[in-house]
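Here is a short report on one protein model. Please keep the sequence and the structure in view while reading.

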Amino acid sequence: NPAKRSKPWKLLTEMLAQDTVTQSTGDVIGYEGGSVTLSCTFTTSSTAAYLYWYIQHPNGSPKYILRKFTSGGGVTAAEFQDRFDANIEKTTVPLTIQRLQLTDSAVT
């Protein structure tokens, strides 16, 4: 029955519509070899949400860095594991970049 299959999707859409993710505006400036932390806050009604960080270089497509779970744990792409990290702290998921390189420059 198509009506029964579409009902869960509608419920999921309504729940997701209440969720928000807000990244701070403005430039974050760091120095080569140093570190920076990019802030991000979120609200969700889910007890097991996934939060993703991507990097996007000018004129490029977004590239996956990592994801964290509100229930704990997460997965970081291999090329970012040694310098990029994020931890969920209640309603924030700040991204810290260590040992900055010029190639870390990106858009938000």
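The sections below go from the overall fold to the core, the surface and the salt bridges.

## Basis and overall fold

This is a predicted model, in which local features need pLDDT of at least 70 and side-chain atom pairs count only at pLDDT 80 or more, while totals for chains, interfaces and linings use all residues. Residues are numbered from 1 along each chain as its sequence is written, and side-chain values use heavy atoms, with hydrogens and water left out.

The protein chain has one helix and eight strands. Helices (H or I, at least four residues) and strands (E, at least two) are DSSP runs, numbered from the N terminus. The order from the N terminus is α-β-β-β-β-β-β-β-β. The chain has 108 residues, and 22% of them count as buried. Buried means under 20% relative accessible area, exposed over 50%, and partly exposed in between (1.4 Å probe, protein chains only). Among contacts with a separation of 6 or more, 40% join residues 24 or more positions apart. A contact means heavy atoms within 4.5 Å.

## Strands S1 and S3

Strand S1 (residues 20–23) pairs with S3 in the antiparallel sense, over four bridges. Pairing requires that DSSP finds at least two bridges between the strands. Gln-23 has Cys-40 in S3 as its bridge partner.

In a regular strand the side chains alternate between the two faces of the sheet.

## Nonpolar core

The largest nonpolar core has 17 residues. Such a core is a set of buried Ala, Val, Leu, Ile, Met, Phe, Trp, Tyr and Cys residues joined through side-chain atoms within 4.5 Å. Trp-53, Ile-65, Val-93, Leu-95 and Ile-97 have the most contacts inside this core. Strands S2 (36–38), S3, S4 (50–55), S5 (63–69), S7 and S8 each supply at least two of its residues. S4 gives the most, with three residues.

Leaving aside neighbours within four places in sequence, Ile-65 is in contact with several residues, including Trp-53, Phe-80, Phe-84 and Leu-95.

## Surface and backbone

The accessible surface of the protein chain is about 7800 Å², and 54% of this belongs to carbon and sulfur atoms. Areas come from the Shrake-Rupley method with a 1.4 Å probe; for residues, only the protein chains shown count as cover.

Lys-90 has a phi near 60 degrees, a positive value in a residue other than glycine. Lys-90 is in the loop between strand S7 (84–86) and strand S8 (95–97). Lys-90 counts as exposed, at 79% relative accessibility. Arg-99 also has a positive phi, near 45 degrees. Arg-99 is in the segment after S8 and counts as partly exposed, at 43%.

## Salt bridges

The structure holds four salt bridges, each a side-chain nitrogen of Lys or Arg within 4 Å of a carboxyl oxygen of Asp or Glu. One of them joins Lys-63 and Glu-79, with the closest N and O atoms 3.1 Å apart. Lys-63 lies in strand S5 and Glu-79 in the loop between strand S6 (74–76) and S7, so the pair ties together parts that are 16 residues apart in sequence.

Another joins Lys-68 and Asp-85, at 3.8 Å. Lys-68 is in strand S5 and Asp-85 in strand S7, 17 residues apart. Lys-68 is buried, at 13%, whereas Asp-85 is partly exposed, at 37%. Asp-104 and Arg-83 also meet in a salt bridge, at 2.8 Å from N to O. Both Asp-104 and Arg-83 are buried.
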